[in-house]
Structure formats: structure tokens, C-alpha cells
Amino acid sequence: MQTYQPSEILIEQGEENTPVVQRVLTRLPHVPVRIVEKDWERKTPARTSPALSEHEPFAAGKRRVLFTRQRSTFLEHCPAGTSGLVCCNYLVVSLISNCSMDCSYCFLQEYLANNPTLKVFTNVGELLSEVAGAVDRHPERHFRIGTGELSDSLALDPLLGFSADMVPFFAARQNVLLELKTKSDCVNGLLSLDPKERVVVSWSLTPSEIIDTEEHGTASFAERLAAARQVQAAGYKLGFHFDPLIEYPNWEEGYRDTIAQIFSTIDVRRVAWVSVGSLRMTPALRTAVRRRFPQTRILSGEQVPCGDGKWRTFQALRVKMYRAITGWLKEAAPTVPMYMCMETAAVWEKVFGHVPSSDKEVARTLTQPNLAGV
Amino acid sequence: MSQLNEQIATYAHEKRLSPQTLARWSAWSEEDQAAFLVVVQVLQLGENHLRDFLDWLEEITARDGGTARELLTRADIHQPLQSTLARNDKLKAVKEALRRIRYPRLSRLEGDVRAAVKALDLGNRIQVSFPPALEGEDITVELKAHNLQELTDSLRHLQQRVEDGALQRLFALFDEV
């Protein structure tokens, strides 16, 4: 996997001496640096941003790193939770906004369309205090917190080194699991840390032919699997997210082989959970994808508009895919908790034969086996 | 500017096509642009329909290979264009033909569901309908009755269809993709 190389580093005034900025300046001495005023991004209309003078502003924006403070709350409920869909009660914290990779189907193309930069938040200490405030105040509850909502959890770790802050913090707590969700193989920073069974490193996966054509700048399937074996050996739990499921001419063979390769390589006892989720796109995202990736085949599946406004593979075919893939997963890992992301109760019923009574029930099936007896 | 470009630009101007839509059309090969222009002129497509056609043609060729020109000269697309149907009927026929190519499994399932509903032989006082693109898979059954006897007869008819398995078969179709 190629190492991320920004074209420019922007540092908000006052943040120059923060640990993460100092680390990056040491590691990238040759990248041009500019100090910008507070709220530079808010004051710089996207259309006049330097990034937009480039042919492809969204891609160019990923190459400009802005170090700034997060001035609102870090800890949030996963924004994927939508009324009418079954949710898993996931919480997210974002130290980075935007991603160094460029998957053709990525929702950030719409969500951060006017964002001219890749933002890194410098106030890690405040993030940890906020999490401690929520988690420590409720020792009777179990929490699942991830960092991979607005960025890849690990792709920039060689540069930013956030895992050195995050892993020990979560490892010290009894009632919370940290999930680091990635499409990279950037795990070296994790290997010398002791996760104490509190950290799940998970990979989003599609068959190789999809990774190679649609997941630009990510690690290959082989690289991801090699990294999974490394972190498994270092004491981390693993997770696998077959999300988004891509329907393409050889999807059955592709997914069956992918699952077979994973579970012939890793120790299934170290797998905390697996999830499946259909490709889902808003109309605006489809337009962005069409414009940015004219050669993509992502839009060529039989996708139709659904009740929440997103386009998905039509339901009967979607259920067929889910049944096939969860069937292979059940065969390979019969005791590993499994769940679906952003699906209706009707689809849960058809695939799993039951509908969770609540988001909390889904959350319990994921946290209890992984926090019990630890 | 070539004659083709001029014709497309003129059409785009007349129909007030957006610059994005025009750019997409113009990015195709000349052969494809020309084939599409013929269709567009016959059907007098405005922005929304034209964009739908662009989407489907690009998605089909990305999936199956081939060119837009090859698609547009297929018999099931070409014949309605050449027919004596009114423009709106031509548009409906061509769009349906293109949709069947774009959504082969969904179209087949929808056809099977329609045939299964017809085979229920429920008469014209009981309507069975299903959601667009079969999303949700709920079937809606609507009864019309102008007296209690008619309502009872319809319910009995439906009950027969439950007992003889015909309705079960209808629901089972959704698992046969």
C-alpha cells in the first residue's frame, strides 16, 4: 500500500506545538507548511479554496492536511442510524475528517463535498476526557466506540500516531470496546501496544476484483489479510465488515472465495464480530460518483430507490446476497456475532429469521461476548 | 464545430439541457452521440428523460460492454421508434425496453409477479398491487364492494386462493431471484 503524502500542511494558529503537529513536521520535513488563522476553513468559501482551482477538488482536498481543534463534541451516535432501520447503538469519535483513500462508492464524496481539506483534530486529550466522562460514569453499561466514520482509522497512523493515545486509554477500561476500522495495512503502530482484549481491529472487505477497481489507494486484499494476522498475533480482536456488498457478475464466487480465504488464515476465536451491509447511495452521491469515476461499474447493479431515499440493490436480490454471504460466514464462523448495517426489520426477518427487539439488543449481542469474563 | 456537434448543441439549446447533461452526452464517441441524437429527436427528450437515458445507457455498457449505438439499434428499442405510435407511447415503449435491459432480474421478477396476480383470477373487484421495484415486498389487496354480499364473496374468493396455495406461491416468488 502506498504511503500517504500530503501536498501541503496547514496549521491553525496556536496549534503548532501540539504533539501530533510536532510528530508530523518531524516525519514530513519537506512538505510545505502554512500557518492559517483560526476558523480558516469557515472563512474560506469552498469555491475559492485553492483546492478548487484543481481539476478534481475533492481528491485535491485529500492532499491538504489541516491541523485544527475540534470545537464541538467528539462523541456521537453513529450517524448511520435512521428511523425505520434496525440500528446497533454504535458510538463514534472522529479525530480525522476526510480520508486519504478514494473508494468510488464513498459517502464522503457527498458528505464532505465542499470540504477543501483533510482535517486532523489536535485536541486528542479532550476527546479522551469526553469518552471517559461518558464511559466511566456508567460502569454498568457496555459501550462500543469506533473511529472509522469520517476517515480510515489506521491509514494515517504511521504519520499521526493516534493509536499510541487511543489503545492504552481503552485498554484500561472494563466496559468499552474500541473499534479501529480500516482498509489499510498500517498496523505497525499497534503491535507494541497491549490492547488487553479491549480493541477490535476490523477490516472492510470486498472481493479482490472490487478492491482493485473501486477502492483506490487502499491496501490489497492480501495486504489486509496479512495485517489481520499481525494484529491477531499481537493480542487484538478482529472484525470483518462486508460493507458495502457489491453486486457484480461473479459476486457469489467472489464473496465465497473471500470468506474462505479469511477464515482459513485467521483464528476464528479472535473474531469479535462480522457485519454485512448493502451498497447504499443517495441520489447526490450517485451523481458525484458518476462524475468522479466515469469508468466505475458500481452503479451498474440493479439498484433502485428505497424508502429512506437511498438507492440499494432491489430487495429480493439483496436478500439473496445477504442469505448467501451470511450462510458462508455462519459455516466458517458459527459462533461469531453477526449483524446488518442500515437495513429494515423486514430484511432482518428474512435473513436472520428474527428482528431484534431494540438497538440495545443488537449492541448486547456484540459487546457481551467480547467483554464477558475479561 | 462539426455538423454533429452543431446539431447536438442546437437541440440542447432548444430543450435547455443543463451544461452537465450536455457535457456527458458530448463525452461519448461520435458514433454513440449520433445514435443517441436520432433517438432524442424522435422522442423529443427533455432534461429529465434524457438524463435517465444517459444513466441507463452508460450503466448497461459499463456492465455488459458494447456501445450505446449497439444498444440503441437493438430491435426492441429500434422498432417502437420506427412505429406509428404517438410520441408519448413511443417514449414509454422505448423506456420500458431499455429498463428491461438495465434491470433484467427485477423486470423478470416483476413480470412473474404480474403473471401470478393475473393467474389468481380475482375479478375486477379485487385489486392486488405491489410497491415500485418490489421494495418492501408488501402486497396490497384492495376490495371494492357495494354490499355485504359482494364483500363476503370477495373474501371467500381470497380465502380460496389462500387454501389452494396460489397466494403462497405469489409471496414465494420473491425468493426466486
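How are α6(B) and α7(B) oriented to each other, roughly parallel or roughly antiparallel? I kept this question for the third entry and noted the ground rules before it.

**Entry 1: ground rules**

I recorded that this is a predicted model, in which local features need pLDDT of at least 70, side-chain atom pairs count only at pLDDT 80 or more, and totals for chains, interfaces and linings use all residues. I also noted that residues are numbered from 1 along each chain as its sequence is written, and that chains are lettered from A and ligands numbered from 1 in the order in which they are written.

**Entry 2: chain B as a whole**

I found 10 helices and 2 strands in chain B; helices (H or I, at least four residues) and strands (E, at least two) are DSSP runs, numbered from the N terminus. Along the sequence I read the pattern α-α-α-α-α-α-α-α-β-β-α-α. The radius of gyration of chain B is 22 Å, well over the 16 Å that the globule rule gives for 177 residues, so chain B is more spread out than a compact globule. This radius is taken over C-alpha atoms, and the globule rule is 2.2 Å times the number of residues to the power 0.38. I noted a box of roughly 70 × 35 × 30 Å for the C-alpha atoms of chain B, taken along the principal axes.

I then looked up the domains, whose bounds come from an automatic or database domain assignment. Domain 1 of chain B covers 3-102 and domain 2 covers 105-175. The centres of these two domains, taken over C-alpha atoms, are separated by 36 Å.

**Entry 3: helix α7 of chain B and its partners**

I returned to the opening question. The axes of helix α6 (residues 75-82) of chain B and α7(B) come within 9 Å and cross at roughly 180 degrees. Axes are lines fitted to C-alpha atoms, for helices over the stretch in contact, and angles run from 0 to 180 degrees between N-to-C directions. α6(B) and α7(B) are therefore roughly antiparallel to each other. The cut-offs are under 35 degrees for roughly parallel, over 145 for roughly antiparallel, 65 to 115 for roughly perpendicular, and oblique for the rest.

I listed B:D76, B:I77, B:P80 and B:L81 of α6(B), which meet B:K90, B:A93, B:V94, B:A97 and B:L98 of α7(B). Residues are in contact if their C-beta atoms, placed from the backbone, lie within 7 Å. This contact divides into 7 nonpolar, no polar and 2 charged residues. Ala, Val, Leu, Ile, Met, Phe, Trp, Tyr, Cys and Pro count as nonpolar, Asp, Glu, Lys and Arg as charged, and the others, Gly among them, as polar.

I next took helix α4 (residues 47-64) of chain B, which packs with α7 (residues 87-102) of chain B at an angle of about 30 degrees, with axes 10 Å apart. α4(B) and α7(B) are therefore roughly parallel to each other. B:H49, B:W56, B:E59 and B:I60 of α4(B) make the contact with B:L91, B:L98, B:I101 and B:R102 of α7(B). I counted these as 5 nonpolar, 1 polar and 2 charged.

**Entry 4: chain A and its side towards chain B**

Chain A holds 15 helices and 19 strands. For 374 residues a compact globule would have a radius of gyration near 21 Å, and the 20 Å of chain A agrees.

I found 13 residues of chain A in contact with 14 residues of chain B. Helix α13 (residues 315-332) of chain A gives the most to the side of chain A that touches chain B, with 4 residues.

**Entry 5: two backbone details in chain A**

I noted a cis peptide bond between A:D243 and A:P244, with omega about 5 degrees. A:P244 is in strand β14 (residues 237-245) of chain A. A:K196 has a positive phi of about 50 degrees although it is not a glycine. I placed A:K196 in the loop between α8 (188-191) and β12 (199-204) of chain A.

Technical notes: Contact = placed C-beta atoms within 7 Å.
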